[in-house]
Each structure stands twice: as structure tokens, then as C-alpha cells.
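Subject: Structure for you to look at

Hello,

Here is the structure for you to look through.

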Amino acid sequence: MRAFFSRMNPALRGFLILGLIALVVVVLQLEATLAALLIVARIAFLLALVFFVYLMWRERREEIAAWPARARVVFYGAALLAVADLGVNWYGGATGLQVLAFVGVLVLSGAAMWRTWRDQHHYA
């Protein structure tokens, strides 16, 4: 039996495992538990993202402090806008065109931060 699964296509094996997990959740009526685990996973992901950004900022804060005031305001403003966008989406959710607005704000905030970073590291 083990040889059968080891020779199986990895994608098919993965789909079978996911199907088995879904079957267990439905049969044992664990939808509420699954919803609670999803909320915990979202919070853990958000905390991991915040911790990563904090570590990156801490490593480069002296360099950013040497930038002109306008560049710092744009960089930190875009970062705060992205965080607010994520918070609003996490709290209220997004449907329809709101998803497009959510993604658009994140992309434009990231582009502003990247452009500011690149302009401050561009040597003529």
C-alpha cells in the first residue's frame, strides 16, 4: 500500500489528503472549530507580518532618519496607509469592488514606498 502512494502523482496525492481532511471536518461537524482555527491563523499571520516589518525597520531606521523630511513622510505615510488598509479589510471584510480598492491601495502604497526607497538609493 505504501508503494502505491509513493508512486502516485504528488498533485493527486495532495488532493486526496485535502479531500480526506474535508471529509473528516464534515463528518465530525467541526465547522465551528475550523472557523476558530482560521481566525487564530489570521491573527498569527498578521502578527508575523508586523514582526517582520518591525525587524526590517529596526535594521534600517538610522538610514531612513538621514533621508529628507519629504521622503520620510511619504515612506512612513504609505506604510501607515497600507497598515490601515489591512486593518479595515480584516475588520470589515471586502466584497465586490471593495476588493479591487483594497488591492489597489496596497499596490499603490507599496509602489510609493518602493519609489521613495529607490530614489534615496539612486546615486548620480
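**Aromatic pairs**

W57 is partly exposed, because its relative accessible area is 31%; buried means under 20% relative accessible area, exposed over 50%, and partly exposed in between (1.4 Å probe, protein chains only). Before going on, note that this is a predicted model, in which local features need pLDDT of at least 70 and side-chain atom pairs count only at pLDDT 80 or more, while totals for chains, interfaces and linings use all residues. Residues are numbered from 1 along each chain as its sequence is written, and side-chain values use heavy atoms, with hydrogens and water left out.

A pair of aromatic rings is described by the distance of the centres and the angle of the planes. Rings of Phe, Tyr and Trp (its six-membered ring) pair if their centres lie within 6.5 Å; planes under 30 degrees apart count as stacked, over 60 as edge-to-face and the rest as tilted. The whole structure holds five aromatic pairs. One of them is Y54 with W57, a tilted pair with 6.0 Å from centre to centre and 35 degrees between the planes. Y54 and W57 are about one helical turn apart, because three residues separate their positions in helix α3 (residues 31-65). Helices here are DSSP runs (H or I, at least four residues), numbered from the N terminus. Y54 counts as partly exposed because its relative accessibility is 38%.

W67 and F75 also form an aromatic pair, an edge-to-face one: the centres are 5.3 Å apart and the planes are at 85 degrees. Both of these residues, W67 and F75, are buried. Ring pairs join W67, F75, Y76 and W117 into a cluster.

**Helix α5**

S109 counts as buried because its relative accessibility is 3%. Apart from neighbours within four places in sequence, S109 is in contact (heavy atoms within 4.5 Å) with A78, L81 and A82. Buried residues in α5 include F102, S109 and T116, and the buried residues of α5 pack against α4 (69-92).

W114 is in helix α5 too, but W114 counts as exposed because its relative accessibility is 52%.

**The nonpolar patch**

Which residues make the nonpolar surface patch of about 1,000 Å²? They are I39, I43, F45, L46, L47, L49, V50, F52, V53, M56 and W90. Patch residues have over 30% relative accessible area and no salt bridge, and nonpolar side chains (Val, Leu, Ile, Met, Phe, Trp, Tyr) are joined within 5 Å, like charges within 9 Å. A salt bridge is a side-chain nitrogen of Lys or Arg within 4 Å of a carboxyl oxygen of Asp or Glu. Helix α3 gives the largest share of the patch, ten residues. L46 is in α3 and counts as partly exposed because its relative accessibility is 35%.

**A loop residue**

Q29 is in the loop between α2 (10-27) and α3. Phi of Q29 is near 55 degrees, a positive value in a residue other than glycine. Q29 counts as exposed because its relative accessibility is 63%.

Regards

Technical notes
Helix = DSSP H or I, 4+ residues; strand = E, 2+ residues; numbered from the N terminus. Areas by Shrake-Rupley, 256 points an atom, 1.4 Å probe, with all protein chains shown as cover.
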